[in-house]
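Please read it alongside the sequence and the structure shown below.

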4 protein chains.
Amino acid sequence: MATSFEELADSYACIFFDAFGVLKSSAGVFPGVVEVLSALQARGKQVFIVTNDASKSPHRMADGYQLNSNPVVPIENIISSGLLAEDYLRTKVRSGYVAYLGKEASAYYIVKAGLHPIALSEVVPDQHNPRCIVLLDDEGFDWFRDINRCVNLVRESNLPVIVANTDVTYPRTPTVFNVAVGGLARLLEAATGRNFIHFGKPDPMIFSKAFHIALENDRKLRKSDVLMVGDTLTTDIVGGNKYGIDTALVLSGTTLDSQHRGLIQATGIVPTYVCDSVLT
Amino acid sequence: MATSFEELADSYACIFFDAFGVLKSSAGVFPGVVEVLSALQARGKQVFIVTNDASKSPHRMADGYQLNSNPVVPIENIISSGLLAEDYLRTKVRSGYVAYLGKEASAYYIVKAGLHPIALSEVVPDQHNPRCIVLLDDEGFDWFRDINRCVNLVRESNLPVIVANTDVTYPRTPTVFNVAVGGLARLLEAATGRNFIHFGKPDPMIFSKAFHIALENDRKLRKSDVLMVGDTLTTDIVGGNKYGIDTALVLSGTTLDSQHRGLIQATGIVPTYVCDSVLT
Amino acid sequence: MATSFEELADSYACIFFDAFGVLKSSAGVFPGVVEVLSALQARGKQVFIVTNDASKSPHRMADGYQLNSNPVVPIENIISSGLLAEDYLRTKVRSGYVAYLGKEASAYYIVKAGLHPIALSEVVPDQHNPRCIVLLDDEGFDWFRDINRCVNLVRESNLPVIVANTDVTYPRTPTVFNVAVGGLARLLEAATGRNFIHFGKPDPMIFSKAFHIALENDRKLRKSDVLMVGDTLTTDIVGGNKYGIDTALVLSGTTLDSQHRGLIQATGIVPTYVCDSVLT
Amino acid sequence: MATSFEELADSYACIFFDAFGVLKSSAGVFPGVVEVLSALQARGKQVFIVTNDASKSPHRMADGYQLNSNPVVPIENIISSGLLAEDYLRTKVRSGYVAYLGKEASAYYIVKAGLHPIALSEVVPDQHNPRCIVLLDDEGFDWFRDINRCVNLVRESNLPVIVANTDVTYPRTPTVFNVAVGGLARLLEAATGRNFIHFGKPDPMIFSKAFHIALENDRKLRKSDVLMVGDTLTTDIVGGNKYGIDTALVLSGTTLDSQHRGLIQATGIVPTYVCDSVLT
């Protein structure tokens, strides 16, 4: 019943892959995936990773996909939601301190935008006068202390709050889920009455960024030449559909084989194709 | 322009007071309040405290309102949202372990319902087999560890989750707000896709519980004899209005004098009266 | 696997029934239902109908349940969400015009509260000066004209808006659903930025009203003596659970046998019992 | 206090204008606006209209802005939310019937995408087998009949539903608001439990479409060269901010001078500039 991914890929000049549940799990990259990515590029196809993640830099993400110690995905083809936050900081904030929640590694995106990161717990309002707050990762800070500090910092100011990953939860192990920074954003929005600025799938900006990079490489590329491959209907598939590209749901991640028909029916989110995995 | 609370009170046989922002702040009971409560009862009026709070027992709440070392509000007239959770546990759960988030003092309501409290962090699922989860207080546990544990406990089970205080934030000091346990409930609902069972204003059950206790004391009492006094439109006033009793907004708490007209216009939540405070 | 309703009923002194999907469908009362209701009362049990409906008076609802031309449910035991709206109008509004959306028959509840109904389309603001707006039924008015009029009447005023039936849809035939007045309320709330006052299940006030009438008849009745029987998890069952009474899900209405386990798992709303129907 | 728009415009190579409340009202284009638009282009600036509207074609929108019978805004610079829906239909649907709600003129976008429009009221499911449903305009159909038909068509199928204008209301006259098709979408989503695909501000796709057309004309254009001018914080300003361009709030439409400071504080949506109007 499911479509063979290998055959399907033949019809597209450019393929966007979600990372978690598609190319890797919490235990690492799935065996065989780097070979698949490498073969697709050998056949002349552009390969992108389009991922809701702001916990580390694209370079460190790329390190996960190596064949004979060489990365198989070009660094500029790894499009994280953190990169969109970086673009926002560069074009809209431009200078000064940016307060953040997350591990120190996630502050990469603030530095890259030419700004000064400061952990939210270390902000002295009058001294640092932060220009905005960025929610990058769910780890690296004391939740009780810093979520409450964030509530008060937002209440007392007009600071925009940027959410660099909209996901509410993520799989920490195949069976254990953790609240992601996008979940903390929901709590903070309820507690402050504000609407924050969210980056990441299903919002189409992340697909637009990937598509326009692909277009630089191939000026004849059209949306109909692009396939988005993901394991989650409510982010990968609905977002790809809205952006106007074809979508393939794989059953190697959060959406189980036994559930997918029911979920498609209940949500009305219909992928163009369903594949068992990218290895089939 | 504002109505005198003293004159207004003359027209009612029974008065429900919110606690925070009406009778007290984080610094303690407002000077003069115990005298007001005492005088109302001397004039034959029933006085109730109707409060979204499950962090401590009604006895400990009553201790705050003393005149010459005597409590001025009868213990059975202190109606906390924790009491509604206690009623639920007694009538719907009946026996066994109940997992909770909160300080040990808040577990009072579980014990009072005849059940065995166990901190969520100490639950061994197969051993304790908890019958439900109760969210009682925002303190007394490690947020990162226990919120994530709670997400997974709910995902893996059908356990009902009881929220014993619906408030999203509370004033820790006059200028600093903390996330209340009702705010954590929002995060947990988003992360699990479940709807929990919430107790507290504006839901009318808490007013119904107070009214029926008042009715035991005075079989002729009608809803039109009751006044709800509160500082928050979206809990005290809208809930009292819906329950069918008169409402007085006081400007001694979260709703500032400068804001109240705009907020009434924007929300369409209209109190029967507006008073400066219960001391005027 | 399912419990026999007949045996189950033996354990309760008082039974609350939802109407649609439990006792009747759009085609009329299910064959055998009036005999069941009659037999329960012959065995000394109190029987109530607890229904989200404000389209007609309790008398007209009672007419549907007749044995040998006699109504089998006492009129005072038919608790509609319209009755709660009537209570609100009587205690909170007290006099003057009330603008309504619905058929003329639904204006019964306004008249009964001692107020003057006026169809929303006929309101001349300065002349009638309506005291509130009540949403009673989805029929009896021109949607385009009157929904838009309602938006503007609410925007220009502080009028409270009462929603006398919270349901979003209802089955017009076994396979065709219509938008109910509670669905129109959602649209009007989005268009005006206001939160209206909603009456009906799952809100506990309707259960409280029925319970206190039952208590008048039997002063020893406790919540544990009451069973709520319904076909919908998100109204009948979650509301009964929250009110602290036992609940039985029947599979004769909106929740199909094939779905109920999945829905209970997904929502975390767990009925005390599951029965095929009230006839088994 | 407010910035002069004329001076402000000097700093930008490309200006995006919202239509309603910025360039025009329900009574027509504001006097002086066509001269402003013409002068900006004479000074070498690109001018775009970026509007949530799918009720008519860009050509008919352009007809409103004429100087000496010549349109002052190039047709390809009028970016309506209807155009995004057209793109979706062309790339994702490709052939067959498309059911729509709206006036016949709004079906333009379906025809332009190479598909066959059919009014939702005329759909015979087995015969037309529509590929999707598009919500285009609030007029041109019987709300009661067709909203209920739409509910049932969606319930019985997997059809994607496209909302070609996300606005909930629009000003029909300066003082009278009507529910827009985006408001009907909210009702339909609540009644069907589905999430539809929405096009229009604040979603960044509409800004992305305008920016990439501008980029075709000027390959050196950067986001920092673009200014979005709008009268609504929650669509124009928050969307422009998120897309990474500068934003100017004008006080000639829905946001009144007396409100704008309070609204900016309450929402945390901060425009780069505030101007009285585009005429100052």
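The structure is a predicted model. Within it, C132(C) is buried, its relative accessible area being 0%. The points below set out the cysteine pairing and then the arrangement of the chains.

**Cysteines**

- Over all chains, the count of disulfides comes to 0.
- C132(C) takes part in no disulfide, and the nearest cysteine sulfur, which belongs to C150(C), lies 11 Å away.
- A disulfide requires two cysteine sulfur atoms within 2.5 Å.
- For C275(C), the closest cysteine sulfur is that of C14(C), and because the two sulfurs are 16 Å apart, they are too far from each other for a bond.
- C275(C) is also buried, with a relative accessible area of 0%.

**Symmetry of chains B and C**

- Chain C is superposed on chain B by a rotation of 180 degrees, with 0.0 Å of shift along the rotation axis and an RMSD of 0.0 Å.
- This is the relation of a two-fold axis.
- Of the interface residues of chain C, 100% are also interface residues in chain B, so the copies meet through the same surface.

**Chain pairs without contact**

- Chain A does not touch chain C, and the nearest C-alpha atoms of these two chains are 10 Å apart.
- Chain B and chain D likewise do not touch, with 10 Å between their nearest C-alpha atoms.

Note on methods
Residues numbered from 1 in each chain as written. Chains lettered and ligands numbered in written order. Predicted model: local features only at pLDDT ≥ 70, side-chain atom pairs only at ≥ 80, totals over all residues. Heavy atoms only, no water. Buried < 20%, exposed > 50% of the residue type's maximum accessible area, 1.4 Å probe, protein only. Contact = heavy atoms within 4.5 Å. Least-squares fit on C-alpha atoms with pLDDT ≥ 70 in both.
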